[in-house]
Amino acid sequence: MTATARATAIRIDARAGTVIAMAGFLGVVAFFWPFLVAPGKFGSNYAPPLIFGVLLVIVLCVVISEIAEGGINSKALAMLGVLSAVNAAVRPLGAGTAGIETVFFILVLAGRVYGPGFGFTLGCTSLFASALITGGVGPWMPYQMFGCAFVGMLAGFLPRATGRKEVALLAVYGSLSGYLFGFLLNLSFWPFSLDPNSSIAYLPGLPFTEQFQRYLAFDLATSLGWDTGRAVTNFVCICLAGPAVLTVFRRAARKARFQAPIRFAPRRTTAEAPGTKTPEGPGTPPGPAPRTG
């Protein structure tokens with residue numbers, strides 16, 4: 001295996017790929033609900049994000065079940081459990097401090113080495129486990145799980161590169177994913193966070209272009225510094241520790257051989273066993289002499 005060979009820990013077949021594509025579409029709809037459904041449309045201002053949050057949980061369960069049915073074995077499951085626990089443990093070290101998020105660092109590198117299916121699943125399980133540990137369970141959790149799932153999955157689709165070019169590619173992607181994650185997550189609570197009289201507040205009924213301009217101004221004014229902290233953290237961690245972690249992940253992949261085919265040797269009969277003399281063999285004792293006339 002070369003330095004850039006990819007060890008697909010979780011295989012994605014055609015049906016699972018179709019389900020992921022449909023989940024991606026529903027995820028975009030769930031994130032961009034302020035441009036599609038006005039608050040109070042379903043009887044409460046907070047009903048749309050809750051409804052879409054429940055929908056995301058259902059979609060994620062369906063996607064993970066499809067991925068698991070398509071090609072996850074015990075070795076990939078063990079690796080998934082270990083990295084989910086590591087991510088859940090390191091996330092509290094930075095979350096909540098100037099936007100520093102240490103969870104994306106391992107997520108990007110694991111998605112790169114073990115493939116998009118593994119990255120998608122790891123994003124879901126890491127955020128779910130860390131939410132249970134830190135008490136971060138709430139309406140925002142499905143959005144965070146979905147956002148991290150696609151960060152890990154897209155890392156598996158990055159083009160091939162070697163050496164420093166690969167590390168630079170992953171570092172740039174980690175920075176961009178930090179900004180993109182914050183941009184998407186802000187959409188889930190933007191309609192409820194500001195006074196309607198503000199120039200950057202959500203106003204139901206406005207054309208899409210004006211509404212989107214308001215959201216861009218809101219994101220730049222309230223979240224740019226936080227997202228920059230996340231982007232810088234990803235860039236620095238990948239540049240400093242990326243080569244060593246990639247080497248460790250690839251060595252583990254070589255040892256595990258996730259997709260190695262299992263072959264069973266044909267069963268040998270007693271006559272075919274080594275050292276056994278068959279009746280027709282040269283060691284067959286002579287039979288009785290034939291009788292003559």
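Which helices each supply at least two residues of the lining of the second largest pocket? In this predicted model, they are H1, helix H6 (141-155) and helix H7 (163-187).

The second largest pocket holds about 260 Å³ of space, and its lining is made up of 16 residues, those nearest the centre being Gly 147, Phe 150, Leu 154, Leu 180 and Leu 184. By residue class, the lining divides into 12 nonpolar and 4 polar residues, with no charged residue among them, and H7 gives the most to this lining, with 6 residues.

| Feature of the second largest pocket | Value |
|---|---|
| Volume | about 260 Å³ |
| Lining residues | 16 residues |
| Lining residues from H7 | 6 residues |

Within H1, the buried residues are Ala 16, Val 19, Ile 20, Ala 23, Gly 24, Gly 27, Ala 30 and Phe 31. They cover an arc of only 150° around the axis, and therefore lie on the same side of H1. In general, an α-helix has 3.6 residues a turn, so residues three or four places apart point the same way. On the other side of H1, Ala 14, Ala 21, Met 22 and Phe 25 are exposed.

Helix H7 also contains Asn 186, which counts as buried because its relative accessible area of 8% is under the 20% cut-off. The side chain of Asn 186 makes a polar contact, at 2.7 Å, with the side chain of Asp 219.

Conventions. Residues are numbered from 1 along each chain as its sequence is written. This is a predicted model: local features need pLDDT of at least 70, side-chain atom pairs count only at pLDDT 80 or more; totals for chains, interfaces and linings use all residues. Side-chain values use heavy atoms; hydrogens and water are left out. Buried means under 20% relative accessible area, exposed over 50%, partly exposed in between (1.4 Å probe, protein chains only). Helices (H or I, at least four residues) and strands (E, at least two) are DSSP runs, numbered from the N terminus. The arc is that of the directions from the helix axis to the C-beta atoms. On a 1 Å grid over the protein atoms alone, a cavity is a set of points where a 1.4 Å probe fits but cannot get out, and a pocket is an open set with protein on both sides within 12 Å along at least five of seven lines; lining residues have an atom within 4 Å of a point. Grid points are joined across faces, edges and corners, and a volume is the space filled by probe spheres set on the points. Ala, Val, Leu, Ile, Met, Phe, Trp, Tyr, Cys and Pro count as nonpolar, Asp, Glu, Lys and Arg as charged, and the others, Gly among them, as polar. A polar contact is a pair of N or O atoms within 3.5 Å; within protein, one must be able to donate a hydrogen and the other to accept it, and residues adjacent in sequence count only if both atoms are side-chain atoms.
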